[in-house]
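Thanks, everyone. Please have a look at the model.

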Amino acid sequence: MATKAARIGEEVWKSRVDKINAEVVTLTYGTIVAQLCRDLTVPNTINKTDYNAVNKELDRMGYNMGLRLIEDFLAKTGTGQCSNFRETAEMISKVGFKVFINITPNVSNWSKDSDSFHLVFEENPLADFVELPDDGRAQDELWYSNILCGVIRGAMEMVQMQIEARFVSDVLRGDDTTEMRVTLIRIIEDEMPPDDE
Amino acid sequence: MAVPVASPSAEEKTPSYVAIPPAKPFQSTLRYSSNRKTIYDRNLNRTKTTEISLASFAYLFNTLITYHHSKSSSVSEIEHRLNRAGYPIGIKMLDLLLYRQPPRSATRPTRIVELLQFIHGTLWRALFSRSADALEKSTTKNNEYMIIDNEPLVNTYISIPKEMSQLNCAAFVGGIIEGMCDAAGFSTDAVSVHSAGEGDEMWPGKTIFLVRFKESVVEREEAIKASGG
């Protein structure tokens, strides 16, 4: 299962993806986060960033990206439905991340009932060249790469899975690893519109 | 108007200088991971040739544009905001690209044309993996230069709605150019971005980056030339 996903990821990345220098993406993302840090400030202050608001906004931006990105993903990879959440995890890591940002985070730390796992990022192109502001708060409050959580949440919602994704550690905060926890909340059943007869 | 004049008699009693305070060593209060994965440990050239999906860039760039669009009341304001978003990138790219020059031939661009060639060649290749398509000098104004890109990569998946036909999102790249010129010591009045592809069947997305240097920069250049430098 894992090797199959890896093979699909490699193949699609090699043959079906238009590419751009990764640093352009790193710098463009940096400019977005920096702008949010300037714009979203604690009420009644001029330049005290509300990092929680920045996290939320990044997640929202990612969610909107994810809603549209899934179609691109399905079209490029031609993959079908996953039979279980473990397979989904492999697809996210080895196909999704590979095809879009050319990394394959490790899947680990499965919960007992297989409804949540960790993505461990050895590499993170969004965070190259990055150091958080030395203001005594950013390292405790900002999740710099939070847009990724939103992307996964948005993309999964479009394939009938409601999930929760959040970072639990980040080397930018001085942690030894960068890890995201992804938890399956529920499978969204095809619901009839309320007034449909 | 009363002008304060130092009185010699008062100065005799107190020293006439103020001691310079001792330098404060820079001390970071940031926490760093223990396994040598910080940006200081990694090779600066590590990501030089790394690639990423163009689609990912398009989603991010779209997010950037949408964000600034929502905060702007006019097309020119969107362009101004995109320009400002690119500006700091240009400042940083100058340092990074100079660092990456081949060690024996590395020189800083010290003339207008050298700088423009650096942008047209080195910067473009680093960002978009190819040179820009043309570099021209204005025939009427001696402080204006044009860098021309037939098909800006950043505009790949962008279609402009009719009511905003004046908008060119490559203003972001214009900001990068402006930042680089300023950081190199060649201040500009502005780097404006113009769509020039109308009626051009071959290159409908053709874009001109018009670099307008400050008069003082042009004067300096002429002074150097006059002195035979």
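Chain A and chain B bury about 4200 Å² between them, and 56% of that is on carbon and sulfur atoms. Buried area here is the accessible area, taken with a 1.4 Å probe, that two parts lose on being put together, summed over both. The size of an interface is often given in this way, as the accessible area lost when the parts come together.

Before going on, the ground rules. This is a predicted model, in which local features need pLDDT of at least 70 and side-chain atom pairs count only at pLDDT 80 or more, while totals for chains, interfaces and linings use all residues. Residues are numbered from 1 along each chain as its sequence is written, chains are lettered from A and ligands numbered from 1 in the order in which they are written, and side-chain values use heavy atoms, with hydrogens and water left out.

Back to the interface. In terms of contact, meaning heavy atoms within 4.5 Å, 47 residues of chain A touch 44 residues of chain B. How many salt bridges cross between chain A and chain B? The rule finds five, a salt bridge being a side-chain nitrogen of Lys or Arg within 4 Å of a carboxyl oxygen of Asp or Glu. The side chains of Asp128(A) and Arg46(B) form a salt bridge, at 2.5 Å from N to O. Over all chains, the search of the whole structure gives 17 salt bridges.

Now the helices. Helices (H or I, at least four residues) and strands (E, at least two) are DSSP runs, numbered from the N terminus. Axes are lines fitted to C-alpha atoms, for helices over the stretch in contact, and angles run from 0 to 180 degrees between N-to-C directions.

Between the chains, helix 2 (residues 22-39) of chain A packs against helix 3 (residues 75-99) of chain B at about 130°, with the axes 10 Å apart. That angle makes the two helices oblique; under 35 degrees counts as roughly parallel, over 145 as roughly antiparallel, 65 to 115 as roughly perpendicular, and the rest as oblique. On the chain A side the contact includes Leu27(A) and Thr31(A), and on the chain B side Ala85(B) and Ile89(B).

Helix 3 of chain B also meets helix 5 (residues 171-183) of chain B, where the axes come within 5 Å and cross at roughly 45°. This pair is therefore oblique as well.

In chain A, the axes of helix 3 and helix 4 come within 11 Å and cross at roughly 95°, so these two helices are roughly perpendicular. Leu69(A), Asp72(A), Phe73(A) and Thr77(A) of helix 3 meet residues of helix 4 that include Met91(A) and Phe100(A). Asp72(A) also forms a salt bridge with Lys76(A), 3.0 Å from N to O. Both residues lie in helix 3 (residues 51-77) of chain A, four residues apart, about one turn of the helix.

Last, the loops. Asn102(A) has a positive phi of about 60° although it is not a glycine, and it sits in the loop between helix 4 (85-101) and strand 2 (106-108) of chain A. Asn109(A), in the loop between strand 2 and strand 3 (116-121) of chain A, has a positive phi near 55°, again in a residue other than glycine.
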